[in-house]
Amino acid sequence: MSYRVCFEGHDAEAVVEHGESVLEAAVRAGLAVDYGCSGGNCGLCVARLLDGEVRQISDWDYVFERGQRDGRHFLMCSHTAAADLRLEANIAGGAGQIPLQRFRARVKHIGEAAPDIAVLRLRVSRSHRLRFLAGQEAGLSHPRCGDARLPIASCPCDASELEFHLRARGGAQDDPFAACVAQECRSGDWFDVEAPHGSFVFTGNMERPVVLLAWDTHFAFARSLLEHIVALESDLPIHLYRSGIGEPPYYLDNLCCAWRDALDQMNFTTLPPTGAGGGDAADLWAERIAADTDLAGSDCYLCLPPPQAQRAAQALEQRGARPGRIFRAHP
Ligand code: FES
């Protein structure tokens with residue numbers, strides 16, 4: 001049995017599935033609800049029940065403040081819905097309103113998605129679950145490898161693990177951070193994390209078909225956004241286009257094929273490769289996309305480095321995409 005949750009004062013809804021916490025449902029729905037530990041300690045996820053009934057599913061240590069001891073306040077991470085709910089809760093108005101969080105995270109795994117692409121997975125402690133939206137980035141700092149800002153490739157619905165993609169070899173310029181992480185980092189190492197950054201997130205009620213154009217490791221943005229759509233069980237039409245360096249298939253191609261096979265509304269097209277710097281493939285990409293997409297009726301999300309994103313946006317506009325409906329990972 002699932003129940004609908006409406007958040008009073010926000011145009012926001014979530015569906016709580018059987019056994020799921022209200023918080024998990026809200027995060028899965030892409031809502032920037034306030035929370036911290038997901039484990040009943042911090043009290044940040046406290047909400048006030050206006051209508052409906054909730055049921056406790058886990059214990060908590062948080063001590064409610066005097067004004068919250070009225071039988072209507074509850075922790076969203078420790079309760080599920082026992083009826084349709086109407087709640088008052090803190091929800092950030094946009095990506096920029098989510099507070100910057102700083103914590104340390106341990107390397108869970110570092111492996112290869114292709115001979116030149118490393119995938120870094122950091123395990124986040126239970127007390128520092130990262131609050132972020134799909135499409136945002138994190139600043140990483142490692143004592144030997146230095147600092148970098150990278151897109152978070154994982155879904156906010158799995159706050160226990162953060163995934164990052166690094167081009168360890170063969171990029172436009174040598175990337176000492178990526179090379180160092182690929183060669184020197186081991187499971188158990190620590191990174192200092194500062195996140196979330198950026199505002200490349202889905203906007204509004206997501207009612208228009210989505211075009212995602214991703215190049216090389218900027219695919220990490222697309223992965224997070226797509227994982228989010230999968231978690232939402234949305235039937236929004238999505239077309240993912242991928243280009244990269246070197247001959248296709250590009251890294252994690254099997255994941256893209258699995259999404260296409262699992263989701264009726266998803267298409268996936270592999271575009272020709274470019275040079276290491278990205279090349280000037282914008283017109284070629286836009287022509288290909290315009291051939292099978294109603295660009296005027298779609299939202300275009302460009303997971304590209306800045307110069308390419310600018311050229312691709314212009315090329316898509318020339319073929320009918322609406323300027324206000326083109327979103328760039330790097331404005
Ligand atoms: S008490 Fe910390 S998120 Fe619920």
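In which sense do strand 1 and strand 2 pair, and over how many bridges? I took this up as the opening entry on a model that is predicted.

**Entry 1: the pairing of strands 1 and 2.** I found that strand 1 (residues 3-7) pairs with strand 2 in the antiparallel sense, over five bridges. I then looked up Phe-7 and found Ala-12, in strand 2, as its bridge partner.

**Entry 2: domains.** I took the bounds from the domain assignment, which gives domain 1 (3-91), domain 2 (97-197) and domain 3 (210-328). Between domain 1 and domain 2 I noted a separation of 29 Å for the C-alpha centres. I also recorded the contacts: 10 residues of domain 1 meet 10 residues of domain 2. On the domain 1 side of this contact I listed four nonpolar residues, five polar residues and one charged residue.

**Entry 3: strand 14.** I examined strand 14 (residues 210-215) for burial and found that six of its six residues are buried. I sorted these residues by face: Val-210, Leu-212 and Ala-214 lie on one side, and Val-211, Leu-213 and Trp-215 on the other. In general, side chains of a regular strand alternate between the two faces of the sheet. Strand 14 pairs with strand 15 (residues 238-243) in the parallel sense, over six bridges. Within this pair I located Val-210 opposite Ile-238.

**Entry 4: the largest nonpolar core.** I recorded 105 residues in the largest nonpolar core; Leu-212, Leu-213, Leu-302, Cys-303 and Ala-312 touch the most other members. Helix 3 (residues 219-232) gives the most to this core, with seven residues.

**Entry 5: Gly-111.** Is Gly-111 buried or exposed? I placed Gly-111 in strand 8 (residues 101-114). Gly-111 counts as exposed because it has 10 C-beta neighbours inside 10 Å, and the cut-off for this class is 12 or fewer. Finally, I compared Gly-111 with Pro-323: the two are 212 residues apart in sequence and 39 Å apart in space, C-alpha to C-alpha.

Definitions and conventions
Residues are numbered from 1 along each chain as its sequence is written. This is a predicted model: local features need pLDDT of at least 70, side-chain atom pairs count only at pLDDT 80 or more; totals for chains, interfaces and linings use all residues. Domain bounds come from an automatic or database domain assignment. Two residues are in contact if their C-beta atoms, placed from the backbone, lie within 7 Å. Ala, Val, Leu, Ile, Met, Phe, Trp, Tyr, Cys and Pro count as nonpolar, Asp, Glu, Lys and Arg as charged, and the others, Gly among them, as polar. Two strands pair if DSSP finds at least two bridges between them. Helices (H or I, at least four residues) and strands (E, at least two) are DSSP runs, numbered from the N terminus. A nonpolar core is a set of buried Ala, Val, Leu, Ile, Met, Phe, Trp, Tyr and Cys residues joined through C-beta atoms within 7 Å. A residue is buried if 20 or more other C-beta atoms lie within 10 Å of its own, exposed if 12 or fewer, and partly exposed in between; C-beta atoms are placed from the backbone.
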